[in-house]
Amino acid sequence: MSLLRTENVIMQFGGVVAVNDLNIDIKKGELAALIGPNGAGKTTAFNVITGVYTPTSGKVLFTPTDKNGATTEIDITGKKPDKITGMGVARTFQNIRLFKELTVLENVLVATHLNADYSFLSAMLRAPKARKGERQAKMDCEFLLERLGLIDLKNEKASSLPYGQQRHLEIARALATKPQLLLLDEPAAGMNPQETDELTDLIFKLKTDFDLTIFMIEHHMDLVMEISDHIYVLDFGCTIAKGTPDEVQNNPKVIEAYLGVDADVED
Amino acid sequence: MVVGMTMETFLQQLINGLSVGSLYALIAIGYTMVYGILRLINFAHGDIFMMAAYFTYFGIAVFFLPWYVTFIITIGLTMLLGVTIERVAYRPLRDAPKTSLLISAIGVSFLLENVATYLFSGKPQAFPEFPLMTTPFFIGGLSFQPVSIVIPIVAFILMSALLFIINKTKIGMAMRAVAVDYDTAKLMGIKINGVISSTFAIGSALAAVGAILWCMKYPSVLPLMGVVPGLKCFIAAVIGGIGNVKGAVLGGLILGFSEVLMVAFFPALTGYRDAIAFVILIIILLFLPNGLLGKKQVEKV
Amino acid sequence: MKETQNSIGAYLKLHWKTAVFLVVLLIGIGLADIFVDSYMRRLLNLCAIYVIVSLAMNLVNGFTGQFSLGQAGFMAIGAYTVAVFTVPIESRAAIFYLEPMAPFLANIQLPFIVALILGGLASVVVAFFIGSPCLRLRGDYLAIATLGFSEIIRIVFTNTQSITNGALGIKSIPTISSLWWTYGTALLIIIATVLLINSTYGRAFKSIREDEIAAEAMGVGLFKTKMTSFLIGAFFTGIGGGLFAALLGTVDPKQFYFTLTYNFLLIIVLGGMGSISGTIIASFVVTLGQEALRFLDEPMAFGLDLPIFRPGLRMVVFSFLLMVIVLFYRKGLMGTNELTWDFIAQKYRSIKKKLSGKKTSTEGGGN
């Protein structure tokens, strides 16, 4: 069953076509990757899916499973990002966007706001419902921090964390929104081979434990080839190839795009 | 609805609206240029206008200088004031959070108002009349103040000159580049500081001319005279599309005409004259948030 | 029931320092209420009102990162609501001598507390109409729109002769002089704000201040959250305005000139944008400081006729102070920190360390 589909999505800025006729189809429970040289429009595609940009034309369709296990396909094209997150699509950012002045725990707690079921009035009065909600949220978030190895740092300012841990915090924060689909924008950027290996394991485990579908932009080809079920290759906004890692690896267009444009992208 | 409005008075009101609108346009340009480059509401701009009015007042009424000398000194001092404000209060905060910059702008505005009150007293000072400009003349039964005709002409000449500078000269190209993409412009070797200083100099010079013409039309100066025109002209810039010089002119004219005509058609609303700008602002923000000539802003993620 | 008692017991155990502090504070207010003279009483009342309005401003500007400059306007709404509804019916004819009070209002008189809350609610309604267009947009139109609103509301109140008595204003408003009204309200608002800031709503506010795009991606609805903060701020400001009217016993449009807003801006910048305790401290510093520096406006301050001391100098000093803080001490007194027991203990330790190099034990507790 498809979890996320895009139909002929085009995103144009002035005269520049950043994404041209994007058609993706991500099945529930798989791990898909979006690759391509710098400036190919990968992050723009993410921004269209998460509602940061409204596409010039085309549709984005998402099929969440509700509490009763029922599924309905919803057109999320151009919906507000917070609404889309509320339906079950969470993301991380390529250029880390943590809430710098807040603590690690607070960063994750922010992401539970959409599930808070008490009003600001009961928050101001510390009504029992608010107290219970706060306690529950805190427990959930501490659990997530534990999972991502950040629990000892929970009271540190987010900006004081080392780079790799900031990336982990971004993932913890995204998980706190209770997503069904997780979009990771270059989660391994700037990491050394050992850290990348650890991250690969982690992503795998999180995917199983939280019953996630993952869609990931990544430049580390080892990582991508190792863990992806499906790969989409973008170049100059166009999808030049899609398929399993093997199919994509041997596709001459892909080799040309990488070797021809940016040879050291596979570092 | 139209209360005792003849064709003659209507024409007169149109001319009046054109001159008020041209004054607004001159001040609005300063707002729009600074916002275009620094993304800052230069709250002090209205007070720079006020200081220019005092410079003129001192030149003519206190030191009895010839009018042309006064005008040159006024324009020079006002440019110096604008550039100094940017240098002292805005430049050190260029990498600070935007809120700090905004507070600094408000602080400068407040400081100028208070310094003016302290030095020149809070009481309005009468500006000497300029008989050449205020003695009405008649055309076919219509009486006009020469100043109402002079203002749009001067404004038109200055705006054409400004558009020439922006579109045809090197510094103008640098300004446009910085407005489009600050960081890239910097990387391309554009001297950002010089560009920003020139922007403040030009904006302040136009405000100075606006102040001189304003004082001929409304002959009185006081420390808080810049506040309401300042707010209105920022709104004019928003109406036209902030960051767009032609838009600022268009917005200024629309605002000028709306005010004058509203009072002319509905004399009962005279007390609310200063409120119309804000009503227009709310309407524009609701339906045309990028203004009449503005482009949609895309934020980089 | 037993459980509740236990939890109160546990709470006291954890926060005993705060509890002691509160009791001492309440006794202090009680004593001050009995012993201070009318001049000092008025000044202390003013401090409490400034605490309320500045806190509300900091909620919007410091915690949520939205730049509102409508404080004078929202105060005016609260003040006029209290004035119109509490002025004794028998003295209305004498006050509204130019034009009688509108018939639908002329015979309504409400208890102070009802009028006070009504004033807060009226501010909320107006804030909703300003916020609707402005808070939807990224950018700083809110600053201009709220400042503009402050000016419009004065124009409106000057022109609605039969409701507000126009430029003449409304006199003979029943005054409050007890410190309990202002300090009681201020305390309630401080507690409510602290609880709010430390809840999911407070974190949502702060996330918007830090990064709007990330906040939205984490499911925080920008418009709704900004609006919540803005409306709560407007409510508190309206209440502050209502107390202001009842303190002075008179309102007129000139009291609510937009420069009033700049006082609060100075307070939150001095105290730290995003610090509740900083705001409270700064409210007292600025209010008492403005009073203490009154001599700057007196030409004969030191018995000599010094030409530099004349009306206006005090405000020059204050606006200069604002500039100095913004340019050189951007974080103000507290930055985004709070004056908790931990914070005090930490400061105390670091000072002691500097003096003697000795270590002290760690202490818990919160404020």
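These questions and answers look at helix packing and chain contacts in a predicted model.

Student: At what angle do helix H2 and helix H3 of chain B pack?
Tutor: Take H2(B) as residues 45-62 and H3(B) as residues 67-90. Their axes lie 9 Å apart. The angle between them is about 150°.

Student: Are H2(B) and H3(B) roughly parallel or roughly antiparallel?
Tutor: Start from the angle of about 150°. Angles over 145 degrees count as roughly antiparallel. H2(B) and H3(B) are therefore roughly antiparallel.

Student: Is the crossing of H2(B) and H3(B) left-handed or right-handed, and how many charged residues does the contact have?
Tutor: H2(B) passes H3(B) in a right-handed crossing. Residues in the contact include Phe55(B) of H2(B) and Trp67(B) of H3(B). By class, the contact has 10 nonpolar and 6 polar residues. The number of charged residues in it is none.

Student: Which residues of H14(C) does H4(B) meet?
Tutor: On the H4(B) side are Ile103(B), Ile106(B), Phe110(B) and Glu113(B). The residues of this contact divide into 6 nonpolar, 1 polar and 1 charged. On the H14(C) side are Thr259(C), Tyr262(C), Leu265(C) and Val269(C).

Student: What area is buried between chain C and chain B?
Tutor: Here 42 residues of chain C are in contact with 47 residues of chain B. Carbon and sulfur atoms hold 79% of the buried area. The total is about 3900 Å².

Student: Which three residues supply 17% of the area that chain C buries against chain B?
Tutor: They supply more than any other three residues of chain C. Salt bridges between chain C and chain B number 0. The three residues are Asp140(C), Tyr141(C) and Ile144(C).

Student: What area is buried between chain A and chain C?
Tutor: In this pair, 29 residues of chain A are in contact with 28 residues of chain C. Phe99(A), His113(A) and Met124(A) supply 24% of the area that chain A buries against chain C. Carbon and sulfur atoms give 64% of the area between the two chains. That area is about 2700 Å².

Student: With which residue does Glu134(A) form a salt bridge?
Tutor: The count between chain A and chain C is 3 salt bridges. For the one formed by Glu134(A), the closest N and O atoms are 3.2 Å apart. A salt bridge needs such atoms within 4 Å. The partner of Glu134(A) is Arg203(C).

Definitions and conventions:
Residues are numbered from 1 along each chain as its sequence is written. Chains are lettered from A and ligands numbered from 1 in the order in which they are written. This is a predicted model: local features need pLDDT of at least 70, side-chain atom pairs count only at pLDDT 80 or more; totals for chains, interfaces and linings use all residues. Side-chain values use heavy atoms; hydrogens and water are left out. Contact means heavy atoms within 4.5 Å. Helices (H or I, at least four residues) and strands (E, at least two) are DSSP runs, numbered from the N terminus. Ala, Val, Leu, Ile, Met, Phe, Trp, Tyr, Cys and Pro count as nonpolar, Asp, Glu, Lys and Arg as charged, and the others, Gly among them, as polar. Buried area is the accessible area (1.4 Å probe) that two parts lose on being put together, summed over both. A salt bridge is a side-chain nitrogen of Lys or Arg within 4 Å of a carboxyl oxygen of Asp or Glu. Axes are lines fitted to C-alpha atoms, for helices over the stretch in contact, and angles run from 0 to 180 degrees between N-to-C directions. Angles under 35 degrees count as roughly parallel, over 145 as roughly antiparallel, 65 to 115 as roughly perpendicular and the rest as oblique. A crossing is left-handed if the near helix is turned anticlockwise from the far one by less than a right angle, and right-handed if clockwise.
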